[in-house]
Structure formats: structure tokens, C-alpha cells
Amino acid sequence: MRSARGAKPSRGRADAADEPVLAVTELLGQRWVLRILWELEPGTLGFLELRRRMGQCSSSVLSVRLQDLQNAGLLVKRADKSYALTAAGTALCAALAPVWEWSRNHADLLK
């Protein structure tokens, strides 16, 4: 519904200050992204080992997600072809740690 002045109705937060939050929620909302971060949080992994740990994630989807995370500055592909978190990726995992802890403490709610 338009207002009397013809302005479009709000479709959510539209403040420019919210754009980074929206961008990170879109990235983290993609399937497998949080799992990749979870698997890389303890240390570096090669593609094949990461793929093995990811279970049902296809190699092609994993490749795309790894590229997305590299483009976002959260991962780096090292010279030995392994993947590692950047400082920003490590900081994001630290920010997610309370969510991961909450899930451990409330696993019964998630079944």
C-alpha cells in the first residue's frame, strides 16, 4: 500500500547502516556456509578433507561456497591448496561461538 505521498512501503530495514548486517546474514544463510566455518575454525583443511567432513555437500557446491567465503574476505586458499580462515573469518567464528554453545546446551529443542 502506498502512502498519500506515493512513497513505497518499507520492505524491512532500509537504513544504509544496516547493509553490512544484511550482507552477512545473506552470506551466512546460504546452505553449507556455517558448516564450512565450523569445520575450518580449528585449523586449515585441504579441499578433499573438507569435502569428506561435509557429508552430503557436493564438490561443486563446496567449491562455490569456498569461493563466496574467499570473496567475502573470510577464507584464504593457501599455496599448499588448503583453506584457512582470515583474521576476519576467525573474528566471525568467535562471534558465532555463543550460538554454537547455545546449540549444545539446547540440543533437545533442536530435535
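This is a predicted model: local features need pLDDT of at least 70, side-chain atom pairs count only at pLDDT 80 or more; totals for chains, interfaces and linings use all residues.
**Entry: around Glu49**

I followed Arg52 to its partner. Its side chain meets that of Glu49 in a salt bridge, at 2.6 Å from N to O. Both residues sit in helix H3, which covers residues 47-53. They are three residues apart there, about one turn of the helix. Glu49 itself counts as partly exposed, at 26% relative accessibility.

Then I checked Arg53. The side chains of Arg53 and Glu49 also meet in a salt bridge, with 2.8 Å from N to O. I wondered how many residues apart Arg53 and Glu49 are in helix H3. They are four apart, so about one helical turn separates them. With a relative accessible area of 32%, Arg53 is partly exposed.

**Entry: the salt bridge count**

How many salt bridges does the structure hold? I got seven. One that I looked up pairs Asp80 with Arg78, whose side chains meet at 3.8 Å, N to O. The cut-off is 4 Å, so this pair counts as a salt bridge. I also jotted down that Arg78 is partly exposed, at 40% relative accessibility.

**Entry: aromatic rings**

Next I turned to the rings. A search of the whole structure gave me one aromatic pair. It is made by Trp38 and Trp100, with ring centres 4.9 Å apart. How do I class it, stacked or edge-to-face? The planes stand at 90°, so I wrote down edge-to-face; the cut-off for that class is over 60 degrees.

Where do the two residues sit? I found Trp38 in helix H2, residues 33-40, and Trp100 in helix H5, residues 87-105. The pair therefore ties together parts that lie 62 residues apart in sequence.

I finished with how buried each partner is. Trp100 has a relative accessible area of 15%. Buried means under 20%, so Trp100 goes down as buried. Trp38 comes out at 35%, and I noted it as partly exposed.

Methods: Residues are numbered from 1 along each chain as its sequence is written. Side-chain values use heavy atoms; hydrogens and water are left out. Rings of Phe, Tyr and Trp (its six-membered ring) pair if their centres lie within 6.5 Å; planes under 30 degrees apart count as stacked, over 60 as edge-to-face and the rest as tilted. Buried means under 20% relative accessible area, exposed over 50%, partly exposed in between (1.4 Å probe, protein chains only).
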